[in-house]
Amino acid sequence: LADPMPFIRAHHTREHVDSVEQIEVTGPVAALAAAGALGAVDAVARGQVRNAFCAIRPPGHHANNTGEEEGFCFYSNAAIAARYAQREHGLEKVVIIDWDYHHGNGTQNAFYDDPSVLFFSAHDFFAYPGTGHPSLAGEGEGSGLNINVHLDCGSRDADMLRHWDSKLMSAASDFRPDFIIVSAGFDSRRDDLLGCFDLTDDVFRRMTRTAMDLADDYTGGRLVSLLEGGYNVEGSALAAAAHVETLLD
């Protein structure tokens, strides 16, 4: 398993990492979460497993460089894993799919002008952190590779899948990735304490299957999924089980 700290430090500022490392218990655990993501990338990239789900906490997709917790996040696990896949395994083009109820602002910020990463986030724009407006589509060489989708409170399975069909699938097909990362936030499931979508467990099966189909078409099946949010323990467990059962199929 790779030592995560060089890769965490390559992504985050020295001040941010030094601050997080000072936090008792959480600081070391946040580093272990990133290490888990890197270990999964290794296993998938080397062909030891076809895909992987990392049941890690704390989550990561809100983490920037403030030196403190942001939306329960400390290190940007998905972004660190994407860079690791590129630099250590030569997997040049990465798609990151974020279905968390909240916008993955840290991930967006990491790759907003980067032509090597396609980021897709379906979220409630009006929820924390108040970022991810659909007009934000990337800039410079990354123009068109940042896809933000707003879903209203009460959105159902069909609302989520419609945007996969209309936006993600064609963009990913044009992009032709070498690796896929899923920011798997289960606070987008119905009855979550911090979300207000009405998504069922079935949509997580369908999104997983679609992500796997993209991986089969372009990446040799290479896909790593990282746990993000989810605050109804039973609901998150059921959605995660649906996700993992599909990955194992």
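Q: What covers the buried residues of helix 2?
A: The cover includes helix 1 (5-11) and helix 3 (26-45). Contact here means heavy atoms within 4.5 Å. Helices (H or I, at least four residues) and strands (E, at least two) are DSSP runs, numbered from the N terminus. The model is predicted: local features need pLDDT of at least 70, side-chain atom pairs count only at pLDDT 80 or more, and totals for chains, interfaces and linings use all residues. Residues are numbered from 1 along each chain as its sequence is written, and side-chain values use heavy atoms, with hydrogens and water left out.

Q: Which residues of helix 2 are buried, and what puts them on the same side?
A: In helix 2 (residues 14-21), they are His16, Val17 and Val20. They cover an arc of only 95° around the axis, so they lie on the same side of helix 2. The arc is taken from the directions that run from the helix axis to the C-beta atoms. Arg14 and Glu15, on the other side of helix 2, are exposed.

Q: Why is Cys54 called buried?
A: Buried means under 20% relative accessible area, exposed over 50%, and partly exposed in between (1.4 Å probe, protein chains only). Cys54 has 7%, so it counts as buried. Cys73 has 1% and is therefore buried too.

Q: How do you know that Cys153 and Cys196 form a disulfide?
A: The cut-off is a pair of cysteine sulfur atoms within 2.5 Å. The sulfur atoms of Cys153 and Cys196 are 2.1 Å apart. The pair links distant parts of the chain, 43 residues apart. Cys153 sits in the loop between strand 4 and helix 6, and Cys196 in the loop between strand 5 and helix 7 (201-218). A search of the whole structure finds one disulfide.

Q: What makes Cys153 exposed and Cys196 partly exposed?
A: Cys153 has a relative accessible area of 53%, so it is exposed. Cys196 has 25%, so it counts as partly exposed.

Q: What makes strand 2 mostly covered?
A: Five of its five residues are buried. Val94, Ile96 and Asp98 lie on one side, and Val95 and Ile97 on the other.

Q: How do you know that strand 2 and strand 3 pair?
A: Two strands pair if DSSP finds at least two bridges between them. Strand 2 and strand 3 run parallel and are joined by five bridges. Asp98 stands opposite Ser121 in strand 3. Strand 2 also pairs with strand 5 in the parallel sense, over five bridges, with Ile96 opposite Ile181.

Q: Why do strand 1 and strand 4 stand at the edges?
A: Six strands form an open sheet in the order 1-6-5-2-3-4, with parallel pairing. Strand 1 (51-54) and strand 4 (146-150) each have a single partner strand, so one side of each lacks a neighbour in the sheet. Neighbouring strands are turned by 10° against each other on average, direction ignored.

Q: Which strands does helix 4 touch as it packs on the sheet?
A: Helix 4 (residues 77-89) touches strand 2 (94-98), strand 3, strand 5 (179-184) and strand 6 (223-227). Its direction makes about 170° with that of strand 5. Axes are lines fitted to C-alpha atoms, for helices over the stretch in contact, and angles run from 0 to 180 degrees between N-to-C directions. Helix 6 (residues 157-175) touches strand 2, strand 3 and strand 4, and makes about 180° with strand 3.
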